[in-house]
Structure formats: C-alpha cells, structure tokens
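Biologist: I've just opened this one on my screen. Walk me through it, please.

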Amino acid sequence: MSIQKAQQQVDTWIKNHGVRYFNELTNMAQLTEEVGEVARIIARRYGEQSEKESDKNKDLGEELADVLFVVLCLANQTGIDLEDAFNKKLDIKTKRDHDRHHTNEKLK
C-alpha cells in the first residue's frame with residue numbers, strides 16, 4: 001500500500017468512526033504516548049530491562065501501527081503529502097549519508 005493510500009484510509013476511518021480529528025496538540029501527545037509504548041516493549045524485550053508478565057503478550061507490530069496511524073493523522077490534518085515528503089527525505093539522506101556510513105569506523 002502506498003503512503004498516500006494509507007493517508008486516505010485514515011481520513012476515511014476518521015470520518016466514518018472518529019467523528020473528527022483530535023487537534024494537532026492532542027495528536028502530538030498521543031504520538032508521544034504511542035512511541036512510549038513501543039519504547040517500553042523494545043527496552044524490555046530487546047534491552048536489558050526484564051519483561052513484566054503483563055508486557056509479554058504486547059504486540060510490537062500493533063504498537064508500531066498505532067504510531068503510524070497518529071503520524072498519518074498529523075500529516076492529514078496539516079496538509080502534508082507524506083509520501084512526497086518521505087521520498088524527498090529519502091533522496092536527501094541518500095545523497096548526504098551514503099559515503100558517511102560506508103566510511104564510519106564504528107559501523108565496521
């Protein structure tokens with residue numbers, strides 16, 4: 001699925017199920033909360049913290065999808081074509097970072 005299609009699906013979902021978008025500040029707070037949930041799973045599952053029994057059934061993919069959903073909401077409500085923005089950013093990163101990463105001794 002394209003990012004543009006995902007933005008359309010989120011917009012349709014909001015219109016059919018969500019009444020309206022939360023304001024941008026509320027969505028930013030929600031994004032922070034969702035990223036925190038991703039961080040909690042990764043810190044406990046892949047990091048050095050022990051995983052609590054209550055966290056063992058949490059689905060990392062589902063939590064990442066929550067992050068994506070809120071990012072798509074923010075893009076929609078601020079008029080950003082996220083697919084275009086992503087493609088531009090990937091081009092910038094490709095030009096800027098290709099040689100830098102290949103010559104980074106820390107990555108060898």
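Biologist: Which residues of helix H1 (residues 3-18) are buried?

Modeller: Keep in mind that this is a predicted model, where local features need pLDDT of at least 70, side-chain atom pairs count only at pLDDT 80 or more, and totals for chains, interfaces and linings use all residues. Residues are numbered from 1 along each chain as its sequence is written, and side-chain values use heavy atoms, with hydrogens and water left out. Helices are DSSP runs (H or I, at least four residues), numbered from the N terminus, and buried means under 20% relative accessible area, exposed over 50%, partly exposed in between (1.4 Å probe, protein chains only). On that basis, the buried residues of H1 are Ala-6, Gln-7, Val-10 and Ile-14.

Biologist: Which helices do the buried residues of H1 pack against?

Modeller: Contact here means heavy atoms within 4.5 Å. With H4, for instance, Ile-3, Gln-4 and Gln-7 in H1 meet Leu-82, Glu-83 and Phe-86. The partners of the buried residues are helix H3 (60-77) and helix H4 (82-102).

Biologist: At what angle do the axes of H1 and H4 cross?

Modeller: The axes are lines fitted to C-alpha atoms, for helices over the stretch in contact, and angles run from 0 to 180 degrees between N-to-C directions. The axes of H1 and H4 come within 7 Å, and they cross at roughly 150 degrees.

Biologist: Which helix gives the most to the lining of the largest pocket?

Modeller: On a 1 Å grid over the protein atoms alone, a pocket is an open set of points where a 1.4 Å probe fits, with protein on both sides within 12 Å along at least five of seven lines, and lining residues have an atom within 4 Å of a point. The lining has 13 residues, and Ile-14, Phe-22, Gln-30, Phe-69 and Cys-73 lie nearest the centre. H1, helix H2 (24-45) and H3 each supply at least two. The top contributor, with four residues, is H3.

Biologist: How much space lies in that largest pocket?

Modeller: Grid points are joined across faces, edges and corners, and the volume is the space filled by probe spheres set on the points. For the largest pocket, that comes to about 200 Å³.

Biologist: Is Glu-34 buried or exposed?

Modeller: Glu-34 is in helix H2. Not counting residues up to four places away in sequence, Glu-34 touches Glu-63, Asp-66, Val-67 and Val-70. Since its relative accessibility is 14%, Glu-34 counts as buried.

Biologist: What about Glu-63: which residues is it in contact with, neighbours within four places in sequence aside?

Modeller: Glu-63 lies in helix H3 and, at 10% relative accessibility, counts as buried. The contacts of Glu-63 are Glu-34, Glu-37, Val-38 and Ile-41.
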